[in-house]
Amino acid sequence: WIYDGERAHYFNAKTRQMGIGIEDIYLFSKEVTNVMPGFMTEGMGLGKTPEDYKESKTRQPTFTIIGASDKSLIARGGTGGIAIWTRLENDIRPAAYGER
């Protein structure tokens, strides 16, 4: 598990894979988790843990880490897409989630 100060993320160092879990959904800094239709929340695995995926014998969505530096992280998704995360000087989560 990797802990980012707020949430724990599953990371397998041998395969360089980080499991993705969605806990909440925000639109325009408003939490809309409870008003999302069931077919959407089930389709995206909202609230599922790695243990839930093991029990249902399905594969958790993952990113495979392909590059990293002090300022960024690059990974490939399960469908082949590329994700790039960049470290920012200031934490934007308070503004992004409406906690000003």
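Mentor: Let's start with the hairpin formed by E8 and E9, which has four residues between the strands. In its turn, Gly-80 has a positive phi of about 100 degrees. A note on sources: this is a predicted model, where local features need pLDDT of at least 70, side-chain atom pairs count only at pLDDT 80 or more, and totals for chains, interfaces and linings use all residues. Residues are numbered from 1 along each chain as its sequence is written, and side-chain values use heavy atoms, leaving out hydrogens and water.

Trainee: What makes E8 and E9 a pair?
Mentor: Pairing takes at least two bridges found by DSSP. E8 and E9 (residues 82-86) have five, in the antiparallel sense, so they pair. Ile-74 stands opposite Ile-84 in E9. Strands here are DSSP runs of at least two residues (E), and helices of at least four (H or I), numbered from the N terminus.

Trainee: Why is Lys-71 called exposed?
Mentor: Exposed means over 50% relative accessible area, buried under 20%, and partly exposed in between (1.4 Å probe, protein chains only). Lys-71 has 63%, so it counts as exposed. Lys-71 sits in the loop between E7 and E8.

Trainee: And why is Thr-41 called buried?
Mentor: Thr-41 has a relative accessible area of 14%, so it is buried. Thr-41 belongs to helix H1 (residues 38-43).

Trainee: Which residues does Lys-71 touch, not counting those up to four places away in sequence?
Mentor: Trp-85, Thr-86 and Arg-87, where contact means heavy atoms within 4.5 Å.
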